[in-house]
Amino acid sequence: MIEYGNTNADTVIVVDFETTGMSPDHGDRAIEVGAVKLEEGEVVDRFQCLMNPGIRINGFIEDFTGITNAMLKQAPPCEEVMDEFTDFIGDGNLVAHNASFDRRFLDAECCRISRNYKGDFACSMLTARRVYPDAPNHKLGTLVELNCLPNDGTFHRALADAEMTTHLWLGMLNDIRRGYRIESISFSLMQALSRVSKTAAPGFLSRWTGPPS
DNA sequence: TGCCAGGCCCTCTTTAGGGCCTT
């Protein structure tokens, strides 16, 4: 059994946002959220929804994501989607690739509707830098290809990216379990692993889990 | 008009700078 989390111990939400740009502090908004809910390491639910930010998106974002202004015009407003998504999160912990980015948008959109969430974030990118230090880079697409993870060729859409991040996350859990011959990995261990230095990571894991096989 | 972020890590560092990663 895989042990997760500090709040709801067995629930992890792998989340990905598509946005109008890089910074909510400069007026950027979320335009799509996708998420995969894991309980005890098994996918139990999914969430995907476009949302209308009330502003036009530029051509770069249209080309980058495939999400058009026409699509967003027909989408429900951000406030409605985020209210529903906050319910979906519940008190689970959260995982995202480069979590600092998704956390900023989640925080900003939740703030707009006066909602909050209890869970902690873990970053699959920072963790991957420790688990796969020799990867050519730690972009999501590279790690998916490197590990032959399931994908349908769709990138930069919220649910597709969340699905790939889910496979990456579970793959890293399994690689650590196999390498260190352990049965249980806590969410907090994965969080902490992403925060130790690259060279310290193996020793750090050994202290938590025993020596590698 | 042109430009615009933020958090984290690494190292030729720590009184800093540059690269990575996300849209």
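A: Start with Val12, which stands opposite Asn93 in strand 4. Before going on, keep in mind that this is a predicted model, where local features need pLDDT of at least 70 and side-chain atom pairs count only at pLDDT 80 or more, while totals for chains, interfaces and linings use all residues. To find your way around, residues are numbered from 1 along each chain as its sequence is written, chains are lettered from A and ligands numbered from 1 in the order written, and side-chain values use heavy atoms, leaving out hydrogens and water.

Strand 1 and strand 4 run parallel, joined by three bridges. Strands here (E, at least two residues) and helices (H or I, at least four) are DSSP runs, numbered from the N terminus, and two strands pair if DSSP finds at least two bridges between them. Strand 4 also pairs with strand 5, again in the parallel sense and over three bridges. There, Val95 has Ala122 in strand 5 as its bridge partner.

Now look at which way the side chains of strand 4 (residues 93-96) go: Asn93 and Val95 point one way, Leu94 and Ala96 point the other way, and all are buried. Buried means under 20% relative accessible area, exposed means over 50%, and partly exposed is in between (1.4 Å probe, protein chains only). Leu94, which sits in strand 4, has a relative accessible area of 0%, so it counts as buried.

Next come strand 2 and strand 3, which pair in the antiparallel sense over eight bridges.

Glu39 belongs to strand 2, and at a relative accessible area of 37% it is partly exposed. Glu42 belongs to strand 3, and its 52% makes it exposed. The C-alpha atoms of Glu39 and Asp87, 48 residues apart along the chain, are separated by 16 Å.

Side chains of opposite charge can pair when their charged atoms come close. A salt bridge here is a side-chain nitrogen of Lys or Arg within 4 Å of a carboxyl oxygen of Asp or Glu, and the count comes to seven salt bridges.

Asp87 makes one of them with Arg115, at 2.9 Å from N to O. Asp87 lies in helix 3 and Arg115 in the loop between helix 4 and strand 5, so this contact ties together parts that are 28 residues apart in sequence. Asp87 is exposed at 52%, while Arg115 is partly exposed at 27%. Arg115 also has a salt bridge with Asp83, where the closest N and O atoms are 2.5 Å apart. That pair links distant parts of the chain too, with Asp83 in helix 3 (residues 78-89) and Arg115 in its loop, 32 residues apart. Asp83 is partly exposed, at 33%.

Another salt bridge joins Glu109 and Arg29, again at 2.9 Å from N to O. Glu109 is in helix 4 (residues 99-112) and Arg29 is in the loop between strand 1 (11-19) and strand 2 (30-39), 80 residues apart. Glu109 is buried at 2%, and Arg29 is buried at 6%. Together with Glu79, Arg29 and Glu109 form a network of salt bridges.

One last stop is back in the loop between helix 4 and strand 5, where you'll find Ser114. Most residues other than glycine have a negative phi, and most peptide bonds are trans. Ser114, though, has a positive phi near 55°, and at 68% relative accessibility it counts as exposed.
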